[in-house]
Amino acid sequence: MKSAVLIHNPGSGQPRDRYHSVTRILGALRQRGVTATPQIVAAPTDAMRLTAAAIQANADVIVVHGGDGLVNETLQGLVGTTTPLAVWPGGTSNVLARELALPGGIDVLAEIIAAGRTRRVSLGRAGERYFLLMAGIGLDGDVVRAIHPTVTRVTGESAFWLAGLRQLTDWNPVQFHIEAEGGQHSATFAVVANASSHGGGMRFAPEASMDDDLLDVCLFDSTQRHRFARYLSAATTGSHLGLPGVTYLKTRRVVARGPSSRFVHVDGELLGPLPVSFESVPAALSLVVP
(Lines give C-alpha, C1' and ligand atoms only; values in the text may rest on other atoms or scores of the structure.)
Protein backbone atom coordinates (compact mmCIF):
# COMPACT_ATOMS: atom_id res chain seq x y z
CA MET A 1 0.00 0.00 0.00
CA LYS A 2 1.39 3.40 -1.04
CA SER A 3 -1.63 5.71 -1.03
CA ALA A 4 -4.65 5.78 1.27
CA VAL A 5 -7.73 7.89 1.86
CA LEU A 6 -8.71 8.12 5.53
CA ILE A 7 -12.44 8.70 5.92
CA HIS A 8 -13.25 9.64 9.51
CA ASN A 9 -16.08 11.00 11.60
CA PRO A 10 -14.90 13.39 14.35
CA GLY A 11 -18.22 12.94 16.18
CA SER A 12 -18.06 9.15 16.30
CA GLY A 13 -17.47 7.25 19.51
CA GLN A 14 -17.07 8.81 22.93
CA PRO A 15 -15.85 12.43 23.29
CA ARG A 16 -12.41 11.61 24.62
CA ASP A 17 -11.67 9.59 21.48
CA ARG A 18 -12.61 12.14 18.87
CA TYR A 19 -9.61 14.09 17.64
CA HIS A 20 -6.32 13.12 19.23
CA SER A 21 -5.16 10.17 17.15
CA VAL A 22 -5.72 11.06 13.45
CA THR A 23 -2.41 12.96 13.25
CA ARG A 24 -0.63 10.04 14.92
CA ILE A 25 -1.86 7.43 12.45
CA LEU A 26 -1.07 9.69 9.47
CA GLY A 27 2.50 9.90 10.79
CA ALA A 28 2.66 6.15 11.49
CA LEU A 29 1.53 5.38 7.95
CA ARG A 30 3.99 7.89 6.47
CA GLN A 31 6.84 6.17 8.33
CA ARG A 32 5.81 2.96 6.54
CA GLY A 33 5.68 4.52 3.09
CA VAL A 34 1.94 5.17 2.91
CA THR A 35 0.68 8.65 2.04
CA ALA A 36 -2.77 9.06 3.57
CA THR A 37 -5.20 11.87 2.77
CA PRO A 38 -7.72 12.56 5.58
CA GLN A 39 -11.34 13.28 4.66
CA ILE A 40 -13.96 14.30 7.23
CA VAL A 41 -17.52 13.01 7.10
CA ALA A 42 -19.99 15.79 7.92
CA ALA A 43 -23.21 14.13 6.66
CA PRO A 44 -24.30 10.48 6.20
CA THR A 45 -23.99 10.58 2.40
CA ASP A 46 -20.45 12.01 2.50
CA ALA A 47 -18.85 8.59 2.93
CA MET A 48 -20.17 7.27 -0.39
CA ARG A 49 -19.13 10.45 -2.22
CA LEU A 50 -15.64 10.39 -0.69
CA THR A 51 -15.30 6.68 -1.50
CA ALA A 52 -16.18 7.27 -5.15
CA ALA A 53 -13.62 10.08 -5.34
CA ALA A 54 -10.93 7.87 -3.75
CA ILE A 55 -11.56 5.09 -6.27
CA GLN A 56 -11.42 7.63 -9.10
CA ALA A 57 -8.06 8.83 -7.76
CA ASN A 58 -6.75 5.22 -7.71
CA ALA A 59 -6.15 5.09 -3.96
CA ASP A 60 -4.59 1.79 -2.91
CA VAL A 61 -6.77 1.50 0.19
CA ILE A 62 -9.64 3.28 1.92
CA VAL A 63 -9.29 3.49 5.71
CA VAL A 64 -12.44 4.13 7.75
CA HIS A 65 -12.18 5.55 11.25
CA GLY A 66 -15.55 5.44 12.96
CA GLY A 67 -18.21 2.99 14.00
CA ASP A 68 -19.93 0.16 12.17
CA GLY A 69 -22.42 2.63 10.67
CA LEU A 70 -19.68 4.59 8.89
CA VAL A 71 -18.12 1.34 7.68
CA ASN A 72 -21.52 0.31 6.30
CA GLU A 73 -21.94 3.65 4.52
CA THR A 74 -18.47 3.39 2.98
CA LEU A 75 -18.77 -0.18 1.74
CA GLN A 76 -21.83 0.72 -0.35
CA GLY A 77 -19.44 2.37 -2.81
CA LEU A 78 -16.84 -0.43 -2.70
CA VAL A 79 -19.01 -3.44 -3.56
CA GLY A 80 -17.68 -5.21 -6.64
CA THR A 81 -14.45 -3.18 -6.79
CA THR A 82 -10.93 -4.37 -6.00
CA THR A 83 -10.15 -1.39 -3.75
CA PRO A 84 -9.74 -2.77 -0.22
CA LEU A 85 -11.32 -1.41 2.94
CA ALA A 86 -9.27 -1.06 6.14
CA VAL A 87 -11.08 -0.53 9.43
CA TRP A 88 -9.69 1.65 12.19
CA PRO A 89 -12.22 1.21 15.02
CA GLY A 90 -13.43 4.46 16.53
CA GLY A 91 -17.16 4.12 17.11
CA THR A 92 -19.43 3.07 19.94
CA SER A 93 -19.33 -0.71 19.72
CA ASN A 94 -17.02 -1.60 16.79
CA VAL A 95 -18.53 -5.03 16.17
CA LEU A 96 -16.62 -5.52 12.91
CA ALA A 97 -13.30 -4.83 14.64
CA ARG A 98 -14.11 -7.61 17.11
CA GLU A 99 -15.07 -9.94 14.28
CA LEU A 100 -11.75 -9.32 12.52
CA ALA A 101 -9.73 -9.38 15.78
CA LEU A 102 -8.19 -6.01 14.94
CA PRO A 103 -5.61 -4.60 17.36
CA GLY A 104 -6.22 -1.30 19.11
CA GLY A 105 -2.73 0.19 18.90
CA ILE A 106 -2.10 2.80 16.20
CA ASP A 107 1.38 1.58 15.28
CA VAL A 108 0.25 -2.03 14.94
CA LEU A 109 -2.75 -1.00 12.88
CA ALA A 110 -0.58 1.16 10.61
CA GLU A 111 1.69 -1.84 10.08
CA ILE A 112 -1.31 -3.96 9.05
CA ILE A 113 -2.58 -1.31 6.63
CA ALA A 114 0.86 -0.83 5.06
CA ALA A 115 1.35 -4.58 4.65
CA GLY A 116 -1.89 -4.73 2.68
CA ARG A 117 -2.92 -8.31 3.38
CA THR A 118 -6.50 -8.63 2.16
CA ARG A 119 -9.35 -11.09 2.46
CA ARG A 120 -12.22 -11.24 -0.02
CA VAL A 121 -15.49 -11.61 1.87
CA SER A 122 -19.16 -12.03 1.11
CA LEU A 123 -21.79 -9.48 2.02
CA GLY A 124 -25.46 -9.59 2.81
CA ARG A 125 -27.94 -7.41 0.99
CA ALA A 126 -31.20 -6.17 2.49
CA GLY A 127 -33.26 -4.69 -0.31
CA GLU A 128 -30.68 -2.45 -2.00
CA ARG A 129 -28.52 -2.00 1.13
CA TYR A 130 -25.39 -4.10 1.65
CA PHE A 131 -24.22 -5.18 5.08
CA LEU A 132 -21.12 -6.87 6.47
CA LEU A 133 -22.39 -8.02 9.84
CA MET A 134 -26.10 -8.51 10.37
CA ALA A 135 -29.66 -7.38 9.88
CA GLY A 136 -32.25 -7.55 12.63
CA ILE A 137 -36.04 -7.62 12.53
CA GLY A 138 -38.29 -7.01 15.52
CA LEU A 139 -36.67 -6.52 18.91
CA ASP A 140 -33.29 -5.09 17.92
CA GLY A 141 -34.86 -3.10 15.07
CA ASP A 142 -36.97 -1.41 17.76
CA VAL A 143 -33.87 -0.97 19.95
CA VAL A 144 -32.01 0.81 17.14
CA ARG A 145 -35.03 3.06 16.58
CA ALA A 146 -35.15 3.90 20.29
CA ILE A 147 -31.50 4.92 20.74
CA HIS A 148 -30.52 8.53 20.19
CA PRO A 149 -26.98 8.95 18.74
CA THR A 150 -26.04 11.33 21.56
CA VAL A 151 -26.78 8.61 24.11
CA THR A 152 -24.50 6.07 22.41
CA ARG A 153 -21.64 8.58 22.26
CA VAL A 154 -21.90 9.23 26.00
CA THR A 155 -22.65 5.74 27.33
CA GLY A 156 -21.12 3.55 24.62
CA GLU A 157 -22.28 0.00 24.00
CA SER A 158 -24.22 -0.08 27.26
CA ALA A 159 -26.80 2.11 25.49
CA PHE A 160 -27.87 -0.94 23.49
CA TRP A 161 -28.30 -3.02 26.65
CA LEU A 162 -30.28 -0.27 28.38
CA ALA A 163 -32.55 0.21 25.39
CA GLY A 164 -33.00 -3.55 25.05
CA LEU A 165 -34.04 -3.92 28.68
CA ARG A 166 -36.42 -0.99 28.27
CA GLN A 167 -37.93 -2.65 25.20
CA LEU A 168 -38.50 -5.88 27.10
CA THR A 169 -40.53 -4.00 29.69
CA ASP A 170 -43.18 -2.77 27.30
CA TRP A 171 -42.36 -4.44 23.98
CA ASN A 172 -45.28 -6.00 22.14
CA PRO A 173 -43.94 -9.01 20.17
CA VAL A 174 -45.76 -9.23 16.83
CA GLN A 175 -45.37 -12.18 14.51
CA PHE A 176 -44.02 -11.83 10.99
CA HIS A 177 -43.17 -14.46 8.39
CA ILE A 178 -39.87 -15.66 7.00
CA GLU A 179 -39.66 -17.36 3.60
CA ALA A 180 -36.35 -19.16 3.09
CA GLU A 181 -35.08 -21.84 0.73
CA GLY A 182 -35.97 -24.46 3.33
CA GLY A 183 -39.59 -23.37 3.80
CA GLN A 184 -41.70 -20.85 5.71
CA HIS A 185 -41.42 -19.88 9.37
CA SER A 186 -42.99 -17.46 11.79
CA ALA A 187 -41.04 -15.29 14.24
CA THR A 188 -41.33 -12.27 16.48
CA PHE A 189 -37.59 -11.52 16.34
CA ALA A 190 -35.06 -12.51 13.69
CA VAL A 191 -31.38 -11.96 13.01
CA VAL A 192 -30.06 -12.38 9.46
CA ALA A 193 -26.30 -12.69 9.86
CA ASN A 194 -23.29 -12.53 7.56
CA ALA A 195 -20.87 -12.73 10.53
CA SER A 196 -20.96 -14.27 13.99
CA SER A 197 -20.56 -11.07 16.06
CA HIS A 198 -23.49 -8.84 17.04
CA GLY A 199 -23.97 -5.62 18.98
CA GLY A 200 -24.00 -5.78 22.76
CA GLY A 201 -21.64 -8.77 22.76
CA MET A 202 -24.37 -11.10 21.49
CA ARG A 203 -23.71 -14.14 19.31
CA PHE A 204 -27.11 -14.82 17.77
CA ALA A 205 -25.54 -16.55 14.77
CA PRO A 206 -22.39 -18.25 16.13
CA GLU A 207 -21.90 -20.30 12.95
CA ALA A 208 -22.06 -17.37 10.53
CA SER A 209 -19.00 -16.53 8.43
CA MET A 210 -18.11 -13.81 5.94
CA ASP A 211 -16.12 -16.43 4.02
CA ASP A 212 -19.09 -18.46 2.74
CA ASP A 213 -21.99 -17.56 0.44
CA LEU A 214 -24.72 -18.20 3.00
CA LEU A 215 -26.71 -16.10 5.43
CA ASP A 216 -27.32 -17.54 8.90
CA VAL A 217 -30.84 -16.79 10.13
CA CYS A 218 -31.77 -17.10 13.80
CA LEU A 219 -35.51 -16.96 14.49
CA PHE A 220 -37.22 -16.46 17.84
CA ASP A 221 -40.92 -17.26 17.87
CA SER A 222 -42.52 -16.27 21.15
CA THR A 223 -45.04 -13.66 22.23
CA GLN A 224 -44.01 -13.92 25.89
CA ARG A 225 -41.70 -11.06 26.80
CA HIS A 226 -40.15 -12.83 29.79
CA ARG A 227 -38.78 -15.54 27.50
CA PHE A 228 -36.69 -12.99 25.63
CA ALA A 229 -34.72 -12.18 28.76
CA ARG A 230 -33.60 -15.80 28.75
CA TYR A 231 -32.90 -15.71 25.00
CA LEU A 232 -30.72 -12.61 25.30
CA SER A 233 -28.79 -13.98 28.25
CA ALA A 234 -28.09 -17.26 26.45
CA ALA A 235 -27.13 -15.44 23.24
CA THR A 236 -24.04 -13.96 24.90
CA THR A 237 -22.48 -17.44 24.64
CA GLY A 238 -24.45 -18.82 21.70
CA SER A 239 -26.24 -21.33 23.94
CA HIS A 240 -29.69 -20.05 22.89
CA LEU A 241 -29.78 -22.40 19.90
CA GLY A 242 -31.13 -25.28 21.97
CA LEU A 243 -33.94 -23.31 23.61
CA PRO A 244 -37.63 -23.78 22.75
CA GLY A 245 -38.91 -21.35 20.12
CA VAL A 246 -35.49 -20.87 18.47
CA THR A 247 -34.86 -21.93 14.86
CA TYR A 248 -31.52 -21.68 13.05
CA LEU A 249 -31.26 -21.67 9.25
CA LYS A 250 -28.58 -21.35 6.59
CA THR A 251 -29.78 -19.97 3.28
CA ARG A 252 -28.74 -17.84 0.32
CA ARG A 253 -31.99 -15.90 0.15
CA VAL A 254 -34.73 -15.02 2.60
CA VAL A 255 -37.77 -12.75 2.53
CA ALA A 256 -39.38 -11.25 5.63
CA ARG A 257 -43.02 -10.17 5.39
CA GLY A 258 -45.27 -8.76 8.06
CA PRO A 259 -46.80 -5.65 9.56
CA SER A 260 -45.19 -2.33 8.64
CA SER A 261 -44.78 -1.75 12.39
CA ARG A 262 -41.86 -4.23 12.32
CA PHE A 263 -38.59 -2.45 11.55
CA VAL A 264 -35.30 -3.69 10.13
CA HIS A 265 -31.76 -2.49 10.84
CA VAL A 266 -28.54 -3.36 9.03
CA ASP A 267 -25.18 -3.13 10.84
CA GLY A 268 -26.88 -1.10 13.57
CA GLU A 269 -28.38 1.48 11.16
CA LEU A 270 -32.14 1.71 10.70
CA LEU A 271 -33.25 0.52 7.24
CA GLY A 272 -37.06 0.70 7.36
CA PRO A 273 -40.19 -1.41 7.80
CA LEU A 274 -41.13 -4.82 6.41
CA PRO A 275 -41.29 -6.34 3.84
CA VAL A 276 -37.58 -6.76 3.06
CA SER A 277 -35.75 -9.36 0.99
CA PHE A 278 -32.24 -10.55 1.91
CA GLU A 279 -29.57 -12.37 -0.06
CA SER A 280 -25.93 -13.33 0.13
CA VAL A 281 -23.55 -11.61 -2.28
CA PRO A 282 -20.45 -13.83 -2.60
CA ALA A 283 -16.88 -12.44 -2.66
CA ALA A 284 -18.11 -8.85 -2.92
CA LEU A 285 -15.56 -6.87 -0.85
CA SER A 286 -11.86 -6.87 0.00
CA LEU A 287 -10.97 -6.24 3.66
CA VAL A 288 -7.51 -5.48 5.02
CA VAL A 289 -6.85 -8.04 7.76
CA PRO A 290 -4.08 -8.81 10.29
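A contact here means heavy atoms within 4.5 Å. This is a predicted model, where local features need pLDDT of at least 70, side-chain atom pairs count only at pLDDT 80 or more, and totals for chains, interfaces and linings use all residues. Residues are numbered from 1 along each chain as its sequence is written, and side-chain values use heavy atoms, with hydrogens and water left out.

**View 1. L214 and what surrounds it.**
Skip the neighbours within four places in sequence, and L214 still has A193, N194, K250, T251, R252 and S280 in contact. L214 sits in the loop between strand 10 (189-193) and strand 11 (215-220). Strands here are DSSP runs of E with at least two residues, helices are runs of H or I with at least four, and both are numbered from the N terminus. From L214 to L249 it's 35 residues in sequence and 9.7 Å in space, C-alpha to C-alpha.

Six strands make an open, antiparallel sheet, ordered 12-11-10-7-14-15. Two strands count as paired if DSSP finds at least two bridges between them. Strand 12 (246-251) and strand 15 (269-273) are the edges, each pairing on one side only. From one strand to the next, the twist averages 20 degrees.

**View 2. One end of the sheet, strands 14 and 15.**
Strand 14 (residues 263-266) runs antiparallel to strand 15, with four bridges between them. V266 has E269 in strand 15 as its bridge partner.

**View 3. Helix 2 against helix 3.**
The axes of helix 2 (residues 46-56) and helix 3 (residues 68-75) come within 8 Å and cross at roughly 50 degrees. That makes the pair oblique, the label for whatever is left once under 35 degrees is called roughly parallel, over 145 roughly antiparallel and 65 to 115 roughly perpendicular. Axes are lines fitted to C-alpha atoms, for helices over the stretch in contact, with angles from 0 to 180 degrees between N-to-C directions. On the helix 2 side, A47, M48 and T51 meet L70, E73 and T74 of helix 3. Those contact residues split into three nonpolar, two polar and one charged.

**View 4. Helix 3 under cover.**
How many residues of helix 3 are buried? Eight of its eight are, including G69, V71 and N72. Buried means under 20% relative accessible area, with a 1.4 Å probe and protein chains only.

Terms used
Ala, Val, Leu, Ile, Met, Phe, Trp, Tyr, Cys and Pro count as nonpolar, Asp, Glu, Lys and Arg as charged, and the others, Gly among them, as polar. Buried means under 20% relative accessible area, exposed over 50%, partly exposed in between (1.4 Å probe, protein chains only).
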